[in-house]
Amino acid sequence: MMLIPCPHCGPRAHAEFTFDRPVEAITRPDDTADALVRNLFSRDNPRGHSRELWRHTYGCRAWIALTRDTATHAITDVQAWGAKA
Amino acid sequence: MSGGSRLPAGGLIDRSRTLRFGFDGRDFTGHPGDTLASALLASGVRVFGRSFKYHRTRGLLAAGVEEPSALVGAGEGGRFEPNTRATDLHLYDGLVAESQNRWPSLALDVGAVNQLIAPFIPAGFYYKTFLGPPALWKLYEHVIRAAAGLGRPPHLPDPDRYERRAAFCDVLVVGAGPAGLSAALAAARSGARVALAEMDSRLGGSLLGDPAQIDGQPARDWIAASETELRTLGVRVLTRTTAIGYYDHDMVYLAERVVEPGAATGDDGIAQRMWRMRAGRVILAQGAIERPLPFEDNDRPGVMLSGAVRTYLDRFGVAAGQRIVLATSSDDAYRTAIRLCDAGVRVEALLDARSGDAIDADLLRRTRDRCPVETGVRPVRALGGAKGVTGLAAAAAGGAASFIADVIAVSGGLTPSVHLHMQAGGGLDWDEGRGIFTPTAPRQGQVSIGACAGRFGLADALSDAWRAGLDAAAATGGRPVADTPPRFEGRAFADQISAFVPAPGVNPKKVFVDPQNDVTLGDLDLAWREGYRSVEHQKRYTTLGMATDQGKTSNLIGLARLAQNEGRPAPQVGLTTFRPPFIPTTLGLWAGEDAGFHVTPLRRTPLHDQHAAFDPPWQAVGYWRRPRAYLRAGETLATAALREARMVRTTVGITDVSTLGKFEVSGPDAAQLLERVCATSVSKLAVGRGRYTFMLREDGLVNDDGTVWRLAEDRFLLTSSTGGADRMAGLISYVRNVLYPDLRVGAANVQEHHAAIAVAGPRARAVIAAVVEGMAPPRHMSLGRGVVAGVPVLVIAASYSGERAFEVYAPSHQAVAVWTALAEAAQAQDGGLYGLEALEILRVEKGHVETGGEIDGRTSAHDLRLEKMLNPRGGYVGQLAQQRPAFADPDRLQFVGVESLGGPIAEGSMLVERPGFAVQGHVTAAGLRVLEEGFVGLALLKGGRARPGDELLAWSPTRTASARVRVCEPVFHDPAGERYRD
């Protein structure tokens, strides 16, 4: 179980978080249809570096972007994400 | 006379006390400090079980967790635990144990006939034999299932508790042998917060009972002093605790046996405890497991590992046999031979596969002073039969010889236990000379020391460990001490050569590699010839290394055979994956406290007690529990539900809808946010008005539905389905924070802040008028604010039932008074309470879609006849994806009504022309006409919107029900909505 450093709460167990998607798969309603289909149905599944959107669902509920190695689970960077309260 | 016996002295057992226990219905005795295995061995028992496939008799191979054969069921009733290793079961008074895989008894076993047909049960036997028409599987299955599986499950509920604990430490040391103790001492003295996990009941590992001198004192005293010091330094010392899994970011699961298998628990009722230990650094000192040697009939009772024979002698004061012959390719057997001779046990000979010049001359001389040692000799065949070995036939370059013996102690060298290192993502180096993999390239915070790192010499292990302990402490903020490591100046007994290949002339079909699964070298050869050349295929085809021991003594031998057949070096052939858990664990340990009532959380609405007073049948809805109906005397669920539905259609009913999702959205950009989340328009809604709405997923399919209400210019209330509430909370947060972080808006999940009570029926207006003060009943799809029984409420006029209806929102903590007032007023109007079943009947008749029913994650807005409500300005989640070509397919499953031409329709029925014909759709909800005769339902049908009038069969073979139905518009009650108007 990974230990994820929440920028608001400090290091917390993986079980408190939910994975949402790779950051590049964020699609806005006003994007093109091509971009949408690519993000929904033909994402890459990289081995190694991956920047991902997670949510501290069972904690502060904030969204975070973390940079993770999908092969080793090493987390190299975490950023707060989203609206300022 | 053959077999084991207790020696008059020696061992770490308490001879002053006697423990009584039963094994296969016979009474035995042992002493505190014994394992079940040592006590039975001391009593002369040689046969401990029968093998899985051939039902060959098996004795003890090992003295620890690696034991493949001596599996027993321990305990009685709900505490019965199968597949417990006799070597890992510490004796207690009153233990009841039984052997496995035999019927009716160990001595007389009917399944043993399999031995006679052994030549006909080769590798992959079941795969090959039971090929054929699938229908025949029904015949095979009973035979195979009866023969399959190890042990039997308990038949009663487990009365004990299993606890789960989370813990943290700077340095976790796994294994409290000499290396583990040395590392723990170094780390603890350097100020680190240390935890030490040892699977045995006491610390010491391979030093237990050993005469070695450490720091000038007997090992036994050094162990005791070390333990005292560790405890004084605040180290968390966990015995009977096995590190079973090494997970990401240095999370190690430790399985602690609070009581022995089958034993009664203490006052706290806890049988086992799972520690989730998060460590800064993990020092792996798991040790090594000895492997057997390949010769014919090497599975017979009496063939034991050399180290095990020494453990039984030193630790338990048991001579494993009367006349012992040792066969070896390592120094370990010398250590055993010397100990046996010094304890007065007769050693017939020590046979070493190595040539004399490859062995330390001093070691040879010292051993030869005590017993005959033959070099360049290899075992060929165990002599004897089902009751145990009577001797050993061996071969040397010059000829053959045989020895009389009741125990053949074998050592094929040590295999480092790299399990946890590999689970943590580490790499391995291959050491061809010694035939071992050693850990390398750690990926997490792990470091391997001592025997599990391939450092078999005691002096090396102690000093390596010390250094690792200092380093781990330094890495986690400690200050390394300058003390010197524990010192051992005796003999290392560390040399070995790989001995995977049997002596010339040995029949590989009689050489057992994996005694637990009855896999021989011949089976591995056959699998290879048949094309199973990957180590993973070999494992699955032959079952090598499966089941309870996971190949702890056999995997490397099997790998070496494959490498030999392939003509490739072992590292190129590769290893099977080391998966947790390291030892078999009971399911209770994983379940922890999440058993019985605690399997899932229970969410109660604020009105739960009001429902519970009726003792209603409950319906689980997510974690919620809702009453299905309020039954009266003599009613069934169906008749009660129909009565309640008729009550709503004719007078008035009230029901608890507090489980609905509720969100408050406020701020200047509140409408904008909602028009992103919802697929309908929101901004045009007048203050005080509400409307039906639905949300899409990003792929364009309908996600959930609900209503949206404008409480003020910049403030909205959004409701969603019960089951969709958490999903909607996530969607709103995602849209707000990730897609549109600049909107000036806040969104709060107020699901549990408000109780919600629906009031529905022709007299609902009268109830609201009578109960709510300070407000006239609002028009349909409008809202008002008033007071009920002194409680401020929000009243929205919306209908799910098809009748004039209201939902009364009250603060959760004050909801009971509101409920009581509404219930009394409803009663005064000849109405009452209704439950979930009536709610369903009413909404089906009205043709409202339901999340989980028609909104099934596969239907679009168009499929559900909702397309006219889509916001023409777009901009909502899922809009773009609706342009995908599949959405225009005329054959999509579309929302229709079905009207029965005969009897009831079964929910879930397929819609077909005739039984067995192509499925055209299915019935999502079945119901009836509440006030008239007839059965109706809602369905999803291929191209259904264009097919009113079609006749089909609603066919449910599983419910053996079918009804002819006519396709129609999905509204059976008040299609014009006239009943909403006053």
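**Surface, strands and selected residues of chain B**

Chain B presents an accessible surface of about 38,700 Å², and carbon and sulfur atoms account for 52% of it; such areas were computed by the Shrake-Rupley method with a 1.4 Å probe, and for residues only the protein chains shown count as cover. The model is predicted, so that local features need pLDDT of at least 70 and side-chain atom pairs count only at pLDDT 80 or more, whereas totals for chains, interfaces and linings use all residues. Residues are numbered from 1 along each chain as its sequence is written, chains are lettered from A and ligands numbered from 1 in the order in which they are written, and side-chain values use heavy atoms, with hydrogens and water left out.

Of the 982 residues in chain B, 58% are buried, where buried denotes under 20% relative accessible area, exposed over 50%, and partly exposed the range in between (1.4 Å probe, protein chains only). Along the principal axes, the C-alpha atoms of chain B fill a box of roughly 110 × 70 × 55 Å. The chain contains 23 helices and 51 strands, assigned as DSSP runs numbered from the N terminus (helices: H or I, at least four residues; strands: E, at least two). Contacts are defined by heavy atoms within 4.5 Å; among those in chain B between residues at least 6 apart in sequence, 67% join residues at least 24 apart. Positive and negative side chains number 108 each, and the centres of the two sets lie 2 Å apart. In this count Lys and Arg are positive and Asp and Glu negative, with His and the chain ends not counted; each charge is placed at NZ of Lys, CZ of Arg, CG of Asp or CD of Glu.

Strand E39 of chain B (residues 715-720) is mostly covered, with 5 of its 6 residues buried. Strands are taken to pair if DSSP finds at least two bridges between them. E39(B) pairs in the antiparallel sense with strand E36 (residues 661-666) over 6 bridges, and Lys662(B) has Thr719(B) as its bridge partner. Strand E38 (residues 702-712) also runs antiparallel to E39(B), joined by 4 bridges, with Trp709(B) opposite Leu717(B). E38(B) and E39(B) form a hairpin with 2 residues between them.

Several loop residues of chain B were examined for backbone geometry and cover. Arg240(B), in the loop between strands E13 (236-238) and E14 (241-247), has a positive phi of about 50° although it is not a glycine, and Arg240(B) is buried at 7% relative accessibility. Ala789(B), also not a glycine, has a positive phi near 50° and lies in the loop between strands E42 (783-788) and E43 (791-796); with a relative accessible area of 48%, Ala789(B) is partly exposed. A cis peptide bond, with omega near -5°, leads from Pro580(B) to Pro581(B), the latter lying in the loop between helices H15 (570-573) and H16 (587-591).

Tyr834(B) occupies the loop between strand E45 (832-833) and helix H23 (836-846) and is buried, at 2% relative accessibility. Leaving out residues up to four places away in sequence, Tyr834(B) touches a set of residues including Tyr630(B), Glu644(B), Met647(B), Ala758(B) and Leu842(B).

In chain A, His73(A) is found in the loop between strands E5 (63-69) and E6 (75-81). Apart from neighbours within four places in sequence, His73(A) is in contact with Met2(A), Arg68(A), Asp248(B) and His249(B).
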